[in-house]
Amino acid sequence: MAADLNLEWICSLPRSWTYGITRGGRVFFINEEAKSTTWLHPVTGEAVVTGHRRQSADLPTGWEEAYTFEGARYYIKVPCI
């Protein structure tokens with residue numbers, strides 16, 4: 001399950017943790033002590049939903065790039081309305 005990014009998520013990070021945001025807008029968590037990163041919140045174990053879908057000039061019209069919570073890239077064909 002995933003949750004939206006909000007102040008509670010940021011405030012509930014353990015002392016040695018912080019967060020970052022990729023160029024694509026995806027939130028990840030950084031353990032400064034262990035020098036590691038993860039897509040999952042260190043307390044809840046959930047990924048943060050940030051709308052990390054994006055259109056790319058490199059993709060054909062109607063296609064978007066997206067990522068699973070584990071970080072795997074996939075593509076979505078957006079239906080025409």
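Visitor: What makes β3 count as mostly covered?

Guide: Four of the five residues of β3 are buried in this predicted model. Buried means under 20% relative accessible area.

Visitor: Why is Asn-31 called buried?

Guide: Asn-31 is found in strand β3. Its relative accessible area is 12%. The cut-off is under 20%, so Asn-31, at 12%, counts as buried.

Visitor: What does the side chain of Asn-31 reach?

Guide: Two backbone nitrogens are reached. That of Glu-33 is at 3.0 Å, and that of Ala-34 is at 2.9 Å. A polar contact needs N or O atoms within 3.5 Å, so the 3.0 Å pair and the 2.9 Å pair both fall inside the limit.

Visitor: Which residues does Asn-31 touch, leaving out those up to four places away in sequence?

Guide: Asn-31 touches Ser-16, Trp-17 and Ser-36.

Visitor: What makes β2 and β4 edge strands?

Guide: Start with the sheet. Three strands form an open sheet in the order β2-β3-β4, with antiparallel pairing. β2 (17-21) and β4 (36-38) each have a single partner strand, so one side of each is left without a neighbour in the sheet. From one strand to the next, the twist averages 30 degrees.

Visitor: How do you know that β2 pairs with β3?

Guide: Count the bridges. Pairing requires at least two. β2 and β3 (residues 27-31) have five, in the antiparallel sense, so they pass as a pair. Ile-21 stands opposite Val-27 in β3. Tyr-19 stands opposite Phe-29, also in β3.

Visitor: And what joins β3 to β4?

Guide: Three bridges join these two strands, which run antiparallel. The requirement is at least two, so three bridges are enough. Phe-29 stands opposite Thr-38 in β4.

Visitor: Where does Lys-35 lie?

Guide: Lys-35 lies in the loop between β3 and β4. The hairpin of these strands has four residues between them.

Visitor: Is His-41 buried or exposed, and how do you know?

Guide: His-41 has 2% relative accessibility. Buried means under 20%, so His-41 is buried. His-41 is found in the loop between β4 and β5 (47-49).

Visitor: Which backbone nitrogens lie by a polar atom of the His-41 side chain?

Guide: The backbone nitrogen of Val-43 lies 3.0 Å from such an atom. For Thr-44 the distance is 3.4 Å. The limit is within 3.5 Å, so 3.0 Å and 3.4 Å both qualify.

Visitor: Which residues does His-41 touch beyond four places in sequence?

Guide: His-41 touches Trp-9, Ser-12, Leu-13, Phe-29 and Glu-46. Trp-9, Leu-13 and Phe-29 are among the residues of the largest nonpolar core.

Visitor: What makes up that largest nonpolar core?

Guide: Six residues in all: Trp-9, Leu-13, Trp-17, Val-27, Phe-29 and Val-48. To be in such a core, residues must be buried and joined through side-chain atoms within 4.5 Å.

Visitor: What does Trp-17 touch?

Guide: Leaving out residues up to four places away in sequence, Trp-17 touches Phe-29, Ile-30, Asn-31, Thr-38 and Pro-42.

Visitor: Why is Trp-63 called partly exposed?

Guide: Trp-63 has 33% relative accessibility. Buried is under 20% and exposed is over 50%. The value of 33% falls in between, so Trp-63 counts as partly exposed. The residue is in strand β7 (residues 63-67).

Visitor: How many residues along the chain separate Trp-63 from Lys-77, and what is their C-alpha separation?

Guide: They are 14 residues apart along the chain, and their C-alpha atoms are separated by 4.6 Å.

Visitor: What are the totals for the chain?

Guide: There are one helix and eight strands. From the N terminus, the elements run β-α-β-β-β-β-β-β-β. Of the 81 residues, 22% count as buried. The accessible surface is about 5,800 Å², and 54% of it belongs to carbon and sulfur atoms. Among contacts between residues at least 6 apart in sequence, 31% join residues at least 24 apart.

Definitions and conventions. Residues numbered from 1 in each chain as written. Predicted model: local features only at pLDDT ≥ 70, side-chain atom pairs only at ≥ 80, totals over all residues. Heavy atoms only, no water. Buried < 20%, exposed > 50% of the residue type's maximum accessible area, 1.4 Å probe, protein only. Contact = heavy atoms within 4.5 Å. Areas by Shrake-Rupley, 256 points an atom, 1.4 Å probe, with all protein chains shown as cover. Axes fitted to C-alpha atoms, helices over the stretch in contact; angles between N-to-C directions. Polar contact = N/O pair within 3.5 Å; in protein donor to acceptor, adjacent residues only side chain to side chain.
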